[in-house]
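This report describes one structure for a reader new to it. The sequence and model come before the description.

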Amino acid sequence: NAVKEDVRDHHQTYAGRIDTLLLVHTLLLTFALGTLQYSDQFVPSSDCIECGEFEHPWLVLAWVYSVSAILILPFWSIVMLIWSKLQLDHWLEHSLGRLNMELRTS
């Protein structure tokens with residue numbers, strides 16, 4: 001019985017860590033979605049002749065890549081954390097099932 005409790009405690013510890021990371025990445029995704037609500041004056045454009053983006057066109061590309069990264073990475077992290085939690089739950093069921101089989105045979 002103590003072994004089962006140890007397995008459950010390990011599961012709870014790691015599930016709590018995953019839940020914390022899920023919360024953090026959900027907040028990051030929320031802030032990332034908030035970056036899409038910038039007005040036009042904050043979005044770089046290569047059409048303006050007096051703007052710095054006209055002299056340095058790589059700024060527009062850097063802006064696009066950074067906005068893409070702050071949208072894709074938190075979402076990908078959330079998906080991977082959910083997958084990890086499902087794998088952890090599967091591990092718990094499998095471990096407890098094996099322990100039950102060993103305890104029944106002994």
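## Helix H3

Helix H3 has 48 residues, which at 1.5 Å a residue should span 70 Å; its end C-alpha atoms lie 68 Å apart, so the two values agree. Helices here are DSSP runs of H or I, at least four residues long, numbered from the N terminus. The expected span is 1.5 Å times one less than the number of residues.

The model is predicted: local features need pLDDT of at least 70, side-chain atom pairs count only at pLDDT 80 or more, and totals for chains, interfaces and linings use all residues. Residues are numbered from 1 along each chain as its sequence is written, and side-chain values use heavy atoms, with hydrogens and water left out.

## Buried side and core

Buried residues of H3 include Val67, Pro74, Ile78, Leu81 and Leu88; buried means under 20% relative accessible area, exposed over 50%, and partly exposed in between (1.4 Å probe, protein chains only). The buried residues of H3 pack against helix H1 (2–35).

The largest nonpolar core has seven residues: Ala15, Ile18, Leu22, Leu29, Ile78, Leu81 and Leu88. Such a core is a set of buried Ala, Val, Leu, Ile, Met, Phe, Trp, Tyr and Cys residues joined through side-chain atoms within 4.5 Å. H1 and H3 are the elements that give two or more residues to this core, and H1 gives the most, with four.

Leaving aside residues up to four places away in sequence, Leu81 touches Ile18, Leu21, Leu22 and His25 (contact means heavy atoms within 4.5 Å).

## Val79

Val79 lies in H3, residues 58–105. Val79 counts as partly exposed because its relative accessibility is 37%.
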